[in-house]
Structure formats: C-alpha cells, structure tokens
Amino acid sequence: MTAPIVFAGAICKQILADKGIHIYSHVLSIKDVKDDHFSVDITDEQLEELANKEFSVLSDEKFEKMRKMRELILEARKNRNSVGGKIECMIKGVPAGIGSPFFDSLESRMSTLFFSIPAVKSVSFGDLDDITQYYGSEANDAYYYDGEIVKTKTNHNGGIIGGITNGMPILFTLGIKPTSSIALEQDTINVATHENTKLAIVGRHDPCIAMRAPSVVEAMAAIAIMDEVNV
C-alpha cells in the first residue's frame, strides 16, 4: 500500500507547494538514539538542506547520530532482530482557521490517516509527551504581531489549538514499532491444533522500518492537508 500512498502524496505535495505549503520530516530517533527536534525558528535553508540529505537528521552532530543509528540497525540485523523509531514532521504554510473544534478536529482527521500507515503505533502533535510535564504558563503559546502577521513565540501545541490551525507550522511525531517479521525464533500458537509452538520468519525483512518511513509520512500528511485546505 505504501507505493500508491507515496505516489498520490507526491502529487498532493506539488499542488500544495504551489500554494506555499511545504512538508518536511526527519528521523527523530532510532531506538534510544535521538536527533534534535524541529525548532520554531528553523530556516527555509535548513529545511531544504534536510530534504536533500540521504540520512535525514537535524543534529549538528549529524554524522555521529548517523553512525550510532546505523550501528543499532546493523546490530539488530546481525541478531536477527529489529528496532523501532520516531519520525517528526513539519508542515509550513497552512493558513489559520483550518479544522473544527470538536468531532472533526484537524488532529483527529490527520491521525486517522497516519494510523493507516503500517507499523505506526502513536501520533503526537506538538511537544510529544513533554507538554504533559509543563505548567499551563509554559505550555501556552503566546501570540504576537510580526508586522501584520500573527505568530506565536513558541509552538508547543504544534500549530493546532482546539482542533483548528493557528497559522504556525503543524508539528507532529509518529512512533514506528520494530518490524514484526524477524528471523529470531519466537513463541506463538498453532490455531489448528490448539498447541503452543515456535515461529521464525524467513526471507528478507527490513530490521528498521522507521528509516524508510519519512517519505510515507510526508505523503500521507500531504493527502490529509489536501483534504482540508481549499486549493
């Protein structure tokens, strides 16, 4: 299913780009090796550089991050196992006022599509679980005028307040579970005989789906926004 999703998403991205809406993503983590988060003041030049990277990480220590992530994946492959990760995505240029305050909130509409991506186990908008550790005074994104444009000093809520966009970049993170199909022998059951048994998967399977996920996440995000924005 990922091939037609990416194909459709690529068309949507082109249409959205003509309207000034651009989508970027990076590998936020592989297992316990973490990259930097998108910052509220990240420049277009930095985002374009990210889009052209073979290994999409933001950190100034990107080569060290890349090396550690690769080592984790290769170690998992060697041990006939797999690892998971997180993908962070940013959508810039979505106008304020998109969405609905209740049943059709933008988060819920987008999450429905994101959970259709194989291996996605979590969707979080804004500052992941960190926002649950803030006081209200810290979590609230203070508004200000930049000329005639309304912006927020922070983007803890990921550009969506009460289910409606506020004009800031939409920011969200998807959790990708480790690949289920692994060569390591695991416990399972035989439903025909009602017995406990063992299972080992043969054939070629990626030890880390998260590394391939950014393009799929961007495509699905583009489809979701196309469905909401009047283009």
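This is a predicted model: local features need pLDDT of at least 70, side-chain atom pairs count only at pLDDT 80 or more; totals for chains, interfaces and linings use all residues.
Local features need pLDDT of at least 70, side-chain atom pairs count only at pLDDT 80 or more, and totals for chains, interfaces and linings use all residues. Numbering starts from 1 along each chain as its sequence is written, and side-chain values use heavy atoms, with hydrogens and water left out.

Start with the sheet: it is open and antiparallel, with five strands in the order β2-β1-β3-β9-β4. Strands here are DSSP runs of E, at least two residues, and helices are runs of H or I, at least four, numbered from the N terminus; two strands pair if DSSP finds at least two bridges between them. β2 (33-34) and β4 sit at the edges, each pairing on one side only. Two bridges join β1 to β2, and Ser-29 stands opposite Lys-34 in β2.

As for helices, α4 lies across β3, β4 and β9, at about 160° to β4. Meanwhile α6 packs on the sheet, touching β1, β3 and β9, and its direction makes about 140° with that of β1. Axes are lines fitted to C-alpha atoms, for helices over the stretch in contact (heavy atoms within 4.5 Å), and angles run from 0 to 180 degrees between N-to-C directions.

The largest nonpolar core has 46 residues. Such a core is a set of buried (under 20% relative accessible area, 1.4 Å probe, protein chains only) Ala, Val, Leu, Ile, Met, Phe, Trp, Tyr and Cys residues joined through side-chain atoms within 4.5 Å. α6 gives the most to this core, nine residues. Phe-172, among the residues with the most contacts inside the core, touches Met-110, Phe-114 and Val-217, among others. A second, separate core of eight residues includes Phe-38 and Leu-171.

Key:
Buried means under 20% relative accessible area, exposed over 50%, partly exposed in between (1.4 Å probe, protein chains only). Lists of a residue's contacts leave out its neighbours within four places in sequence.
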